Structure formats: structure tokens, C-alpha cells
Amino acid sequence: MSDTRPFRALLVLSLLALVIPAGAVAQGVGEAERLTSADYARAEAFLGQNASQRVFGAQVSPAWIDEGDRFWYRNRFQEGHEFVLVDPEAGVRNRAFDHVALAAALSRASDNDFEPYDLPFSTFRFVEDDTAVEFVIQENGEDERWRCHLEEELCEGPMEPHPSVPNSIASPDGQYAAFIREHDLWIRDLETGEDRQLTEDGEERYGYAADSQGWRRTDTPVLVWSPDSRKIATYRLDERGVEEMHLLEMAEPRPRVHSWPYAVPGDSILPMHERVVVHLDGPRVVSLDAEPDYQRTSSCCGLTRGPVWADVEWSPDSETLAFASTSRDYRTVRLRLADPYTGEVRELFEESHPEFFLTNIRSGGVPNWRVLHERGEFLWFSERDGWGHLFRYDLETGELVNRITGGDWNVVDLLRVDEAGGTLLFTGVGREAGRNPYFHHLYSVSLDGEGLRLLTPEDAHHTVELSPSGDYFVTARSTPSDPPVTVVRTSGDGELVVEVEEAEIQELTELGWSPPTPFTARARDGVTPVHGLLYKPSDFDEERQYPVVVSIYPGPQSGSIGSWGFDVSPRGNAHALAELGFVVVQVDAPGTPFRSKSFHGFYYGDMGDNGLEEQKGAVEQLADRYDWIDLDRVGIFGHSGGGFATAAALLRYPEFFKVGVASAGNHDNRGYTDYWGERWQGPLTVDDDGRDSYEGQANHLLARELEGRLLLSYGTMDSNVHPNTTLLLVDALIEHNKDFDLMVFPNRGHGYAGEAYNVRITWDYFVTHLLGKVPPAGYRIGR
């Protein structure tokens, strides 16, 4: 459900005072120990959305022109926004057009007053052999298409809009758009506007291409067009018999019930995919000769990567379909080939792991397998030796040809395969000795495993985007302390061809911002290094003692830190919280990706672990190094999985974690989506005594252990992590007569963590119960 639904008020349910505890004055909290609105305003300036306004030249998102190697991007600089054109072949970077002239021409034509560096559009396209630009602006809530001729300094419009279909997927040739109507698949001819029905037997909960994943639902079909735009690979989703989840939407005069299929671990009936190929000729539907597949993807998380159905790949000639099937328990992945005309399916290869098998270790990464039809080979990703690497196999026999990569490091994303040249490009982590093991680099290597070459030499984290030809790549290098420098290099040898942007952060540093401090600690085994970041307030004084707040996201699909590049909007807005007088710590603990397979799968089958021993241990080790860390005042907070881990921290380590703010937590994964629990906790089983294999991770079964101050919250329309898991914990805390606090956000979905009110009450809670001071009453963020 959307987080933008109208709402009237916030409902506060509190078993104790949310802000100032009774007896605070008796404990010495007086006027001298109050934080002021000015203190909060200073912290607010460090929130990501505010701090980012003081950073320039940091975001380069290439918009490739006509599938070539030239691109433009929209750049934020001190005067506003500019559009910049880069030609890698020529090695030049210039403004895409005369902004002053275009603003004047558009102002004349539209009877408006536009500024050159505040133009009313954020994207455009070149037309008429690059002599004109076309874009859409909003006027009175309506989209208007305009075209400006650059040499003549003349703009015309509004023009007829280009045909489009909401919630659709366009064909490669641009002629058709595929969409769902009443559970069937349709296409619209974008030239004639004619709609055509491709399937006829779709029905509710048994429809074609439906994007209904329990925790996530959209109206856009899930499919892959063939390269010739004549066939569509998709499925018929069978949700008949899948049990429902229910939510109550606040409304007047009565609430509205929302119900939809949502499978949880251990359910006997799960959503199933019946794979089909829909031919535009006819039209006709060919069912693949294979058993229905579970609603799974071989890499985490969800069915799609961008608009594309993951784990499905057409041959360049559109004559063969390759796909991967993942078992319910995520332990086995099978690669298969299908004839789209007959539906015949050939088993090609399969691999298993006793815990979980992944074809990409990055959350949201495209599965790292490719079928090389012209070479009669396929590429496969495996962590069989404890690290993620690429292997080459014979397409006919399924026999191993050779290992392509190897060693104590990981391939992350397979970006491009040049079949004719026999090379590939991929990103990797952990290969470069002495560097942060989370820094991403780009590499090239031959398919025979020879000639591995590092293409991004700097000791930094690199983002990478390849040009359509694959001859060039745009890369931004940065570290937690060094802002991005964006350049274009050649893919063959990494030669620098264009310097694009060097981010400017002077205004940010003038505010008092300083980068977080990277650190390492030892895991519970006393040997394995864990990496983290430490944030201090701008007025840091090493002669003082500071309470510590752990900002946590436990994984398993990502860690607390997220990107190890430059980031003024870190998870949990750590900088802003630190500014109130805290030291904030983030740790990528065992159970998170980009390290070894054993590191990633550390708490498989015991999700309640959450890497909390390492979070606690890192703070203790930091306190051994720094006298200014106060181990008697340690708090923790997080959202979603971080909310789950936060509550678990106070329940499992009550003597250490004194204050926690847990929002939208999946506090019992028996009530969360099956795809999550069954991947990371394993299949739900019941022993002879009636105990199931998920009991150990359920927070409400530990409610009796609460000693500290805990603020729970949830959104009443959270269709991702259902409020029920929080209410189970609330009920158990009441049963054990525990004091705690609860905030309910009406009609919010899962994404309310950054909402101003939630941020403010989080600050208030830590200021009151951990810092021991009084927050300013009713401070409004964003006023």
C-alpha cells in the first residue's frame, strides 16, 4: 500500500510517558540540561535530504543517446541544475545546449518566466539529428510535450503527447506495450492505438503475468519480450487457495478492509508460476512442459530487476528460452532451456547448497548466469568453494569447461559478455589486498580465465555503468570520507578518456560536517574482522563521555552500512542523530553479504541472532580504545529487519542495550513472507514435542527479558511487514507486565522510517532516556 494515503492524525499508545519520565527533575534533569530548538535545528541540517543540498556534482546518471556511447546527465551545481553532454569517443564534456537561450525561448513560447538553471524538466531527448530537444513539462497538473530548436532558439508546444500505456512493458522495437486487463494479458499497438487481447482464460487469483508477491504488489505485468518483439515469456500465477493477509484502512465513517494472498513459512499452499510463452501470431499460448515453479528468484530479492523478469533469458534469435527454477527451500537452482514453439523443456544444469544457493550475492542483483548460444556454452555463478565465482560449461553436455575466476574474494555483478571476443566484464569485492573488502571494482577477464585485469585502480568504492556498446564505462569512485569523482574509462584497458565531475562539499564542511570514521573489530570468534563506521557530533570533545547508539540493519541481504562509498544520507540518518550528542555506530556483522559464504550464512536457521554479539562486541572494543565512549549508556535503533534486531537486542542483551527504537519490525518471521523466512531461516519444521524450527527467532517469546526502554512502532497499512508481528510482541509485553512505548502510524505502509514525525520521536526517545536531557517540546522537522 502507498505511504501517501491521506490521514488525519497520529495515534499514540503509550504505557509510559514517551518523553520525560516521572521523577526526571529528582534525577537532576533541570533547565540547564535541556536541548533547545536550535540544537534540533542543527541536527536537522544533517538529515540526508538537507545535507545533500550542500553537495554539488555528486550524482551522474548517464542517459545514453540512441543506444550509442554518448550520454547526457543532469548535474546539480551552485547555480542550480545543468544538462551536460559527454562524448567518450571524442573525449569531450560540454553543456548539452545553451541553457540561457533555451530558457528565453521557452519563456516566450509558453508565456512563462523560466530561469536557465531551473528549467521545468529533468529529462529530455535529442531529436532532428541533435538540432532540437524534446521534453515534457507540467502545466496545471497536465503533462505537456514541447520541442525546442536549438539553432533557431525557437520552442513549439504543447504538442500531442507520445502514446503510452500505464503499467505496461514496451516491446524492444517500441511498437507494442503489454499490460494486464482483468487478469489477462493484452497489448496495445502504440502506432494505431489498437488494443489486442492475447489470453482469454485469466481469472482472479489465476491470472497472467500478475505481479502479486504477497509483500509486494503492482499492476505492471512480469514478463520478458523476445528480441524480435513477437513473443512474450511470462507465467500464469496460481494463487487459488493461498491464505490471505488483512489490513484495515482508516476511513470515515468506517474503516475499509484490504485482503490479498500472502503466504508465510510453512504454508501448505504457495503461489505457483505456470510458465508460458505468448505468441503475438494467432495469438496463442504455449505452456512449457515443466512442473509449476515456486515464486522464487535465484538472487535476492523479488521477481524483477528493473522492469525485467529475472532468471529468464531469450536467445538473440528469439528461438530459445533459458530460465532458472529455484526450489522452495532455496537450496537448489536448476538451469533449463525451452522451445517456445512446442513448450519442450531440457534440463541443463543444477546445483545445490545445504543452506541457500545464490546466483548473485548483491541484493537486487541480476542473477549471474548467461547462456552463450553462439558459443554453445553457458556461464554459472557458484559459492561452492566458499566464495562467489564464475564457471564456464558446455551447453550440450553440461560439463565444466573451466573455472573463470577463483580465490578468497567475490564476483558481484556479471555486467557484459563479449561472445565474439571471448571476454567478460564484472564487478568484484575483496580481491585487492590491503583495501576495504567492501569496495567494488570493475574487472575484465577472458572466458578461459586468463588475463584478469583491474579496470578501476583507485583504492575506493566504485559504481559502474557500461555504455550500450560496452566499449566505455562511467565510474564514480568515493570512500566514506572522499566525495565522488566521476570519469569515463575504456572497457578494454581502463584508460581514462573523460573527467566528468568532481563533487564539491565545501558548503557541507562549513556546516561542521565531518566524515564517519571507519574501524575494524573482531567477531565473536576473536579472529574474523568486522568493519564499521563511527559518527561523531560536530562539536565533539574527547574530554567528554558520549552515549552510544547502534544503527542496525542485520541483513541477511544487506548490512547496516549499505554502500561503502560517500554518503551524506546514511541509513538511519546517523550524522543527524550524532549531532544531538551521541556517538553512532554501524557495523556490517556476520550474516551480511560481500564476504565469504560462511560469513553471509553465519546465522542461517537462527535469524534471532542478528549478528548482535558482533554489534555489542564492536562497541565494547571501541570503548577499550576510546575513553569518551560510555558503555553504561548504549542504545540501538532500526527499521524493518533493523526493528526486529533492535527489539531482539534489548531482549537478548538487556544488561547492555538500555534504550531501543524498533520500527516496522518483522518480530516473528512465521508471520512474514514465505520467500524471506524460508530462504534465511530454512523450512519450517515441527519436532516430536510440537516445537517448530522458528520459535527461537520470535521476539515475543522473549518478552519477559525486557529491562530497558523500548519504543515500538508500526504502520497500520504495512503490507510488507504486517503489524501483527509487532502486536504479538506488544501482547506478550503486557502479559509480562513490562513497561514500554508504542507509536501507531495510521494508513502508513512500510516506508515511514524517514517521516519527519518518526525521526523526531526517535530523537526525543534517545535524548530523554539515553542522553538524560529534555528535548524541545513539539519540535517540527521541516517547518
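Is Gln 586 buried or exposed, and at what relative accessibility? I looked this up first, and Gln 586 counts as buried because its relative accessibility is 1%. For the label I used these cut-offs: buried is under 20% relative accessible area, exposed is over 50%, and partly exposed is in between, with a 1.4 Å probe and protein chains only.

I noted the ground rules before going on. The model is predicted, so local features need pLDDT of at least 70 and side-chain atom pairs count only at pLDDT 80 or more, while totals for chains, interfaces and linings use all residues. Residues are numbered from 1 along each chain as its sequence is written, and side-chain values use heavy atoms, with hydrogens and water left out.

Entry: Gln 586. I placed Gln 586 in strand 45, residues 583–588. Strands here are DSSP runs of E with at least two residues, helices are runs of H or I with at least four, and both are numbered from the N terminus. I found a polar contact of 2.9 Å between the side chains of Gln 586 and Tyr 535. Such a contact is a pair of N or O atoms within 3.5 Å; within protein, one must be able to donate a hydrogen and the other to accept it, and residues adjacent in sequence count only if both atoms are side-chain atoms.

Entry: salt bridges. I took a salt bridge as a side-chain nitrogen of Lys or Arg within 4 Å of a carboxyl oxygen of Asp or Glu. By this rule I have 49 salt bridges.

I looked at Glu 244 and Arg 205, whose closest N and O atoms are 2.6 Å apart in their salt bridge. Glu 244 is in strand 19 and Arg 205 is in the loop between strands 13 and 14, so the pair ties together parts 39 residues apart in sequence. Glu 244 is partly exposed at 35%, and Arg 205 is partly exposed at 24%.

I then checked Glu 291, which forms a salt bridge with Arg 334 at 2.5 Å between the closest N and O atoms. Glu 291 sits in the loop between strands 22 and 23 and Arg 334 in strand 28, so parts 43 residues apart in sequence are tied together. Glu 291 is partly exposed at 39%, as is Arg 334 at 23%.

For the salt bridge of Glu 383 with Lys 597, I read 3.2 Å between the closest N and O atoms. Glu 383 lies in the loop between strands 31 and 32 and Lys 597 in helix 6, so this pair ties together parts that are 214 residues apart in sequence. Glu 383 is buried at 6%, and Lys 597 is buried at 5%.

I also found a network in which salt bridges that share partners join Arg 275, Glu 291, Asp 293, Arg 334, Arg 336 and Glu 347.

Entry: Thr 479. I located Thr 479 in the loop between strand 39 and strand 40. Thr 479 is buried, with a relative accessible area of 10%.
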